Amino acid sequence: DLPARVRIHEVGARDGLQNEKSTVPTEVKAEFVRRLADAGLTTIEATSFVHPKWVPQLADAEELFPLVRDLPGVHLPVLVPNARGLDRALALRATRVAVFASATESFAKANLNRTVDESLAVFAPVVARAKDEGAHVRGYVSMCFGDPWEGAVPIAQVVRVCRALVDMGCDELSLGDTIGVATPGHVLELLAALNEQGVPTPLLGVHFHDTYGQALSNTLAALQHGVTTVDASAGGLGGCPFAKSATGNLATEDLVWMLQGLGIDSGVDLARLTATSVWMAEQLGRPSPSRAVRALGKT
Ligand code: HMG
Ligand code: MG
């Protein structure tokens with residue numbers, strides 16, 4: 001059984017841009033977010049309040065966020081890696097934040113400079129305070145399927161981190177295939193294991209990168225399992241600077257094309273979205289990797 005409606009969590013402005021080498025002007029980022037909202041996306045991850053030296057592309061979070069935060073009817077989650085990040089986000093009246101954990105030690109170290117347990121210990125008070133302040137909290141778990149240093153990731157390891165984030169009070173989780181190695185059977189196995197360990201499907205979103213071209217197949221498997229929150233990036237932009245071999249996210253256009261074919265409502269206007277990705281590709285100086293954008297776009 002497939003859901004009637006899917007909520008797309010658009011990550012183009014954050015995951016999509018964080019890996020770009022040349023600095024994208026703040027006003028271009030703001031225009032990107034506005035155009036995404038105009039295309040009907042209602043959850044648009046805007047930026048990260050991380051250390052500016054770690055992710056220079058998003059060092060303008062303080063300038064960008066106020067330019068977009070009052071878009072009507074749009075949620076604008078932001079990434080916060082620690083208490084300092086949460087302070088910065090709350091100071092700008094952010095109402096949705098995301099902490100980001102890893103299922104593997106190697107990536108926890110590379111991405112957060114902490115062990116898995118140290119990073120969970122950092123997140124616990126961050127989640128508690130965010131909830132006290134009335135914010136909605138997402139918990140990302142990276143490397144849910146494979147890790148570039150450690151290879152295949154045992155499901156029990158992923159479940160443990162997911163449970164810890166749920167126990168802290170996260171309102172939703174996003175299961176990250178950071179380097180895009182998942183296949184549909186593996187996705188179903190993880191979802192079933194999470195359900196068995198008391199993490200219900202309504203709490204779960206999926207976050208696929210498209211390295212091996214499996215992101216859509218993986219998404220379809222997750223939808224068939226009952227997942228209704230899907231992360232995607234306009235034009236297929238993206239990648240993580242701290243994970244070698246990470247490529248772009250599932251392209252939002254590829255996702256919307258499939259959802260339309262299945263009769264699943266996402267509220268997105270595909271023509272407007274494609275025009276946005278074509279425009280963004282022009283800003284970045286190279287074509288979108290998305291097949292749907294290439295097929296539907298005029299350039
Ligand atoms: P650290 O060097 O261990 O930081 O980095 P620290 O806690 O030791 O602090 C050192 C200094 O940094 C201090 O300043 C802090 O105030 C400052 P000093 O006292 O020395 O002057 N500092 C900060 N400044 C601004 N904002 C902050 C902040 N925190 C500390 N938030 C840290 C630890 C977590 C900060 C660093 O590792 C970091 O910023 N990492 C971010 C990594 C990142 O953004 N990765 C990409 C996002 S995750 C992803 O893409 C995966 C995902 O898409 C899902 C998937 O695909 O799997 C979500
Ligand atoms: Mg990602």
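**Close-up views of the predicted model**

**View 1. Surroundings of ligand 1.** In this predicted model, ligand 1 is surrounded by 24 residues, of which His51, Gly85, Ser142, Gly176 and Thr178 are the closest. Two or more residues of this shell come from each of helix H1 (12-18), helix H4 (83-91), helix H5 (105-112) and strand S6. By class, the shell around ligand 1 comprises 11 nonpolar, 11 polar and two charged residues.

**View 2. Strand S1 between its two partners.** Four bridges join strand S1 (residues 7-10) to strand S11 (residues 229-232), and the two run in the parallel sense. Within this pairing, Arg7 has Thr229 of S11 as its bridge partner, and Glu10 is bridged to Ala232 of S11. The pairing of S1 with S2 is likewise parallel and consists of two bridges. Here Glu10 has Ile44 of S2 as its bridge partner. Which residues of S11 and S2 are the bridge partners of Glu10? They are Ala232 in S11 and Ile44 in S2.

**View 3. Packing of helix H10 on helix H11.** Helix H10 (residues 252-262) packs with helix H11 (residues 270-284) at an angle of about 165°, and their axes are 10 Å apart. Angles over 145 degrees count as roughly antiparallel, and H10 and H11 are therefore roughly antiparallel to each other. The crossing of H10 with H11 is left-handed. H10 contributes Thr252, Glu253, Val256, Trp257 and Gln260 to the contact, while H11 contributes Leu270, Leu273, Thr274 and Ser277. Four nonpolar, four polar and one charged residues make up this contact of H10 with H11.

**View 4. Packing of helix H2 on helix H11.** Helix H11 also packs with helix H2 (residues 26-38): the two axes come within 9 Å and cross at roughly 165°. H2 and H11 are therefore roughly antiparallel to each other, and their crossing is left-handed. On the H2 side, the contact is formed by Val28, Phe32, Arg35, Leu36 and Asp38; on the H11 side, by Arg272, Thr276, Trp279, Met280 and Gln283. The contact of H2 with H11 contains five nonpolar, two polar and three charged residues.

**View 5. Packing of helix H2 on helix H3.** Helix H2 packs with helix H3 (residues 61-68) at an angle of about 35°, with 9 Å between the axes. H2 passes H3 in a crossing that is right-handed. Thr26, Lys29, Ala30, Val33 and Arg34 of H2 meet Glu63, Leu64, Leu67 and Val68 of H3 in this contact. By class, the residues in the contact of H2 with H3 are five nonpolar, one polar and three charged.

Terms used
Residues numbered from 1 in each chain as written. Chains lettered and ligands numbered in written order. Predicted model: local features only at pLDDT ≥ 70, side-chain atom pairs only at ≥ 80, totals over all residues. Pairing = 2+ DSSP bridges. Axes fitted to C-alpha atoms, helices over the stretch in contact; angles between N-to-C directions. Parallel < 35°, antiparallel > 145°, perpendicular 65-115°, else oblique. Left-handed = near helix turned anticlockwise from the far one by under 90°. Contact = placed C-beta atoms within 7 Å. Nonpolar A, V, L, I, M, F, W, Y, C, P; charged D, E, K, R; others polar. Near = placed C-beta within 6 Å.
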